[in-house]
Amino acid sequence: MSMWIVLACMLTSWIFLHRWGQRNKRGPKTWPLVGAAIEQLTNFDRMHDWLVEYLYDSRTVVVPMPFTTYTYIADPINVEHVLKTNFSNYPKEAEKMHETENEDINNNYFSDDNDDINIFSGLSSSDEENELNSFHGDGRLQDLIKMGYPRKEASIALERCGKIASLAEVVDFIFAAQMARQLDEFWAASDEQEQRRINEPPPRRRRLNTDIASDDELIRLPNPMIGFGVPKEPGLITDRPVPIPNIALGPPYFYYENVAMTPKGVWATMSSHLYDIKPEFVDSLYFCAAARKRGYIHNLPIKNRFEIQPTPHYTIQEEFPLTKKWWPAWDKRTKLNCVLTCIASAQLTNKIRKRLEKHERDPAVQKDVVDQCKKWNLVWVGKNKAAPLEPYEMERLLGFPNNHTRGISRKDRYKSLGNSFQVDTVAYHLSVLKPLYPKGINVLSLFTGIGGGEVALHRLQIPMKLVVSTSSEASSSKSKVIDELIGMGFSEELVIKAIQEHGEENLEEITNALLSYAEAEKMHETENEDINNNYFSDDNDDVNIFLGLSSSDEENELNSFHEDGRLQDLIKMGYPRKEASIALERCGEIASLAEVVDFIFAAQMARQLDEFWAAPDEKEQRRINEPPPRRRKLNTDIASDDELIRLPNPMIGFGVPKEPGLITERPVPIPNIALGPPYFYYENVAMTPKGVWATMSSHLYDIKPEFVDSLYFCAAARKRGYIHNLPIKNRFEIQPTPHYTIQEEFPLTKKWWPAWDKRTKLNCVLTCIASAQLTNKIRKRLEKHERDPAVQKDVVDQCKKWNLVWVGKNKAAPLEPYEMERLLGFPNNHTRGISRKDRYKSLGNSFQVDTVAYHLSVLKPLYPKGINVLSLFTGIGGGEVALHRLQIPMKLVVSVEISEVNRNIFRSFWEQTNQRGDLIEFRDVEELDDHKIEGLMDQYGGFDLVIGGSPCNNLAGANRVSRTGLEGDQSSLFYDYCRILEAVRSKASRMRR
């Protein structure tokens, strides 16, 4: 026996010492003999995520196993060594991986989100010299190699730029040098350059101003970069150090701009072609909260310059005051780097959040996070929650008016803003023209872009009598593209159509479109072509996928159309005429087109599908011949003969604020078995097929649903049904009360709202938005036919369908995510930090907070010390936000949500609002069995509220794939809600006894 005890002690000591020796190990922790097999098995269902978590902290991970050891590498240097430098030493598996040698690098630097346009090639554009802090030489060299630049080019560029140059300046230098005319000479070694100078005659070029060109023709950049002086800084001068040659004196005046950091001789060459005028180098950080180093060659006077009013904000926190609350003390930035044409990926911001949650106080982690924030211009929008700039924030930084670039795709907005002027800087230079041209100015604008120069003149209140604007594209390029495509066999009409839709630069998209047209002609199936062009987007960031319309929150409250028009629309959408006609008859004249669509889809999947479409005589014959189906007895007070609960009109439930009809007692009392506490609150879309609400009611104690349209609580419609056992007396609204009209909610739209658009409310917030093509077509059509009533009516119909608002003259645009947050009652930046696509999806599937809070307000006097909540299908936490805004303390929230994106959003809200209660999260309702529920109730004393709304994907909407009613994969989760609720109430009953 003693021998066994000794062996046991030795074994225990061995295991203890083995594990103790790994306490600081980076990588999977191992056990004796079995290695990391135990940890690997526990993470079997998330193997890739498990590896990525380790690879994020350490680029090389060793995983010992019982009979072998695996090594995983994500360091680009090692990847290059295995797959390129010494590829022959790593056969077989390496051969399979050869084509993916840059995969990890791309994952680190690039985003695969549709809306996060993070394409590194964009960094070569004229406006992307991101002012990254300097790194030591070796670090910068490794970073450049990781980015894919050859070691030789990177080394020479670092040598030329010097130690003080930022990484982005070196990147710009490499790109510019690659395109320089003397490329071979630039990259040649010093000996080869000298030999070439001896053997070859010097190139002929215009004489340079020797005062501004050094021996190597490089104009030195000043430090600080303030040109001839900037406001609020010393060093202001009123006369040029080098006078303008007489030949260049104005008028006419000229003004040329480009990036400051260029390769050898470029600015000297540009100066020599522009009358040998010395460039004025200015960093826009002296005019706004973001850096932007630029050179300007001009013949304008420099005396009596002045700033435009109001002057911009000079620090990040002044420009974006909402960030001040969340800005960590260890992030010392007060200025942003240069605005880019690309943004950081949602994956990067998510990694930053996770890393800070684990190691927030680690100085090394803090430094690394700040470096990433500097590289990608991230700002803090929540606790440990960094996010890239939104387009409207870039507009403010660059001095453009609100919504200046709105109405185009998000990708194009970033590109256009990243390549624009900084308006305040340019206006300071152009201000000298105001006294010279009091009656107006004629402007020739070359490479106009989004009109930065013209915006500067407008803000200076200099009238523009004439502006001739030109594009940077070659005039013959379009004709060349057309000729090439016609030569491929496509008709000229279709070629022009495809170019108009996709732009002449998107040759691949044009070709795909032409092939689609040709195939459609062959198959004679083009009846939906115009509809697709109007309704669907092919932009990466405009998430306009029709399948998205099947979600629980997409019954878009379209205004009614005349019956013939609705019938034709349904036929165009692909519905059989018979089904469309019956649906129109059943829904009635007042039903919107989307409600009819929902009704068709839902009815198709109802259990009594054949009976639904059968003629009355066939129905009667079927009832005679077939035995009646067995079903639970329904509450006859709320179920008609065909088990269809009728929707009320108006949809105000038991009453809403500021409307007549408020009642304090339910018309149909709650059965005694269902009285609270615990209370429950269930939500789903109002428009469902026959019998669905009756079925749900029968499973929830035969309580009659309360149907409410959220347009009585905010500026957008949202028809929902709620089954609950809450009291209905003494309800109240949360403060401050929301705005009830579009113009009150979005006051900037009031200026541009046309008189013929009579809308005061928006339709239901969707998980998808209109395409940039559609809004562009609306603008072009109104420019040609603005006074045509038929055009106006058609435009209003499109605006109703897609919730478009007016952001400029003839300029309609879809709602931005932050505007949806306001409509739905969520805090500012509630969903920020994830991809745009996920933001639309999460918001489209959420509660309307003000509506839910009105119902839950009765709980405030019942639970003054706090409430325990079981939140099923939590989403982004609409119910919890409602309780927080009602100032009802949440002592415990057990949240069940399958979406990791939504869980991150809700967890971020919980941390940002400094909740003092406990948050317990489950991924799936199946994890919450009776045993676990009872254990939680024993530990925390029970639940006071069970809240949730199961997915409605299979009940309503345009879901052509899985329209299977309450038996569908998603909608059948309703029965899990019922199961869990029954378990909670049973346990609570036993606890009371």
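Is Glu-921 buried, partly exposed or exposed? I looked it up: Glu-921 is partly exposed, at a relative accessible area of 28% (buried is under 20%, exposed over 50%, partly exposed in between; 1.4 Å probe, protein chains only).

The model is predicted, so I kept local features at pLDDT of at least 70 and side-chain atom pairs at pLDDT 80 or more, while totals for chains, interfaces and linings use all residues. Residues are numbered from 1 along each chain as its sequence is written, and side-chain values use heavy atoms, without hydrogens and water.

Entry, salt bridges. I searched the whole structure and got 31 salt bridges (a side-chain nitrogen of Lys or Arg within 4 Å of a carboxyl oxygen of Asp or Glu).

I checked Glu-921 for a partner and found a salt bridge with Arg-907, closest N and O atoms 3.0 Å apart. Arg-907 is in helix 37 (residues 900-912) and Glu-921 in strand 17 (residues 918-922), 14 residues apart (helices, H or I, at least four residues, and strands, E, at least two, are DSSP runs numbered from the N terminus).

I then took Arg-839 and Glu-821, whose salt bridge has an N to O distance of 3.2 Å. Arg-839 belongs to helix 34 and Glu-821 to helix 33, 18 residues apart. Arg-839 is buried at 3%, and Glu-821 is buried at 1%.

I also noted Arg-836 with Glu-816, a salt bridge with closest N and O atoms 3.0 Å apart. Arg-836 lies in helix 34 (residues 836-844) and Glu-816 in the loop between strand 14 (811-813) and helix 33 (817-824), so the pair ties together parts 20 residues apart in sequence. Arg-836 counts as buried at 5% relative accessibility, as does Glu-816 at 6%.
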